[in-house]
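Work through the exercises below with the model open beside the text, and compare each solution with your own reading.

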Amino acid sequence: MIRFVNVSKVYPTGNKALDNINLEIEAGSFTFLVGTTGSGKSTLIKLLYREELASSGDIWVFGKNIEHLSRNEVPTLRQQTGVVFQDFKLLPQKTVAENIAFALEILGVAKKEQEKRIHSVLELTHLQAMAKAYPRELSGGEQQRVSVARAIVNKPPVLLADEPTGNLDPDSSWEIMKLLTKIAKSGTTVVVSTHNKPLVDLLKRRVIKLDQGKIVEDNQGGGYNQHGTRR
Amino acid sequence: MALDASQMTRQWLFSLQQGLQNMVRSPFMSLVVVSTMTVALGVLGFLMLTLSDLTYISQQMSTQLKIVVFLQDQQTPESAAALIEGIKGVKAPVVQISKEEALKSMTEELPDLKKLLEDPHTHEVHNPFPATLEVSLYAVEKMAEIEAEIKKNVPGVEGTEANQDLAEQLNQIQSAVQLVGFGIAAILFLGTLAIVINTIQLAVHHRQREIEIMHLVGAPDWFIRLPFLLEGLIFGMASGLVANILLFFWRVVPLEQLKRMFTFIQLQPGLGPLYPISALVLLVGLLMGVLGSSLSVHRYIRFEKSAEKGKIPV
């Protein structure tokens, strides 16, 4: 489903963010990317939604080499890839429902269909009561749930989350992780980069550890610093 | 992913709605752009109106410029006039003034002249005035050329008189006014365009987050550009309309007063060239708005996309 082949990324400043990454992520799986700041986790995620281009190597998503996508094809890739960030990236002047609808408006989805899909994701994220609230009226955890709802409303086969719990308290973080695992169970491939050791240890999913742009550990069902089953 | 027509329509409508919302949300910014553009377009329209009036005045003066041809006594005005009317650039009919008419008109103007010209013995009036022809031209700048042709090809011409210098001066003034006017208009256009670009760029920057999210959720570039283009279009239209109202007011109220006060100035009757100039002002406004917004969004999106640097050899 997702395949990195000899992928390296060097930024124009000369900083080598990824160094010869070879990796396969199965469809419908849940994968953690862990590592210290600057280890390359965010760059790896950015490559997956074509925010950045690799300096060398190939990245395959749904059998398509996304490194060779034309500029006009990038929006289609992003419509099939939900992305969640640490800072939520919500529009303050729009309500919860409008923020979620934003992703559907861009695709020209009909109003009735929009309402149906918004209702469904609000239910999944337990935000039904807050549909008309503005982001400023919500807690961090609720805002992140809105962000997740927006990312999945278009039913993308891949969901990427870059430090989704970085700004949240432990309880909210746990809620978000539970939500992400629930989404993975429905068949979506979820890739989460995080520093949150307790949650990674608790969830026992695949953990890929990066250090200075290299994969140093790949544990199936392991914890943050455990030497689990090497793939 | 292929889109059907209704999806495309919904995308367009949403994009247009975003453009309108953007303007309403930043009223001060909208006001700054519209007022700046209005001033520039108003000055542009005013310049064009003035230029047009100056051209009209100079044309009026030009039509009054004629070549006066003095004929020898043996030449009849009719045959000379027929020959002159055959010359290219001469506006028919050539006005003929016979010797008798010339004398009559002169003696009417100066009654004492008749006594001076009268033979005291025979009481016969000696007529020293030649028959003359007044030749109007289509193009006043051809005056010297046509004058020379008359002298060369029409027999029995005693002499000619043409105010070539005045004609040339008028032409030069007309060209200079046009040159300066268009120079000022061009500078104004570029200056305003720069202001529009910067202001819309501020608006684009203001909505950085919205554009970022649009990119993230897979909005195509045209979808991101469209609200800003619409905004530019509305700015251009609003400024053009306000500028046109000002121009109409100027033409109908203060200029009419000036015409009444200085009757010797012959301006164009009625609204003159106001309609075509208004249309042009509106067109320039729309062009400036669309150009300004598309350039500023293009610059912004290019900056955003610069993250995608392409492959750098490792």
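**Exercise 1: the interface**

Chain A and chain B bury about 3100 Å² between them, 58% of it on carbon and sulfur atoms, where buried area is the accessible area (1.4 Å probe) that two parts lose on being put together, summed over both. The model is predicted, so local features need pLDDT of at least 70 and side-chain atom pairs pLDDT 80 or more, whereas totals for chains, interfaces and linings use all residues. Residues are numbered from 1 along each chain as written, chains are lettered from A and ligands numbered from 1 in written order, and side-chain values use heavy atoms, without hydrogens and water.

Task: state how many residues of chain A and of chain B are in contact, and how many salt bridges the rule finds across the interface.

Solution. With contact taken as heavy atoms within 4.5 Å, 35 residues of chain A touch 31 residues of chain B. The rule, a side-chain nitrogen of Lys or Arg within 4 Å of a carboxyl oxygen of Asp or Glu, finds three salt bridges across this interface. A salt bridge also joins the side chains of A:Arg71 and B:Asp221, at 2.6 Å from N to O.

**Exercise 2: a helix pair**

Task: describe how H8(B) and H9(B) pack.

Solution. Helix H8 (residues 208-216) of chain B and helix H9 (residues 221-252) of chain B pack at about 155 degrees, their axes 9 Å apart. H8(B) is therefore roughly antiparallel to H9(B), a class for angles over 145 degrees. The contact brings B:Ile211, B:Met214 and B:His215 of H8(B) to B:Asp221, B:Phe223, B:Ile224 and B:Phe228 of H9(B).

Note on methods
Axes fitted to C-alpha atoms, helices over the stretch in contact; angles between N-to-C directions. Helix = DSSP H or I, 4+ residues; strand = E, 2+ residues; numbered from the N terminus. Parallel < 35°, antiparallel > 145°, perpendicular 65-115°, else oblique.
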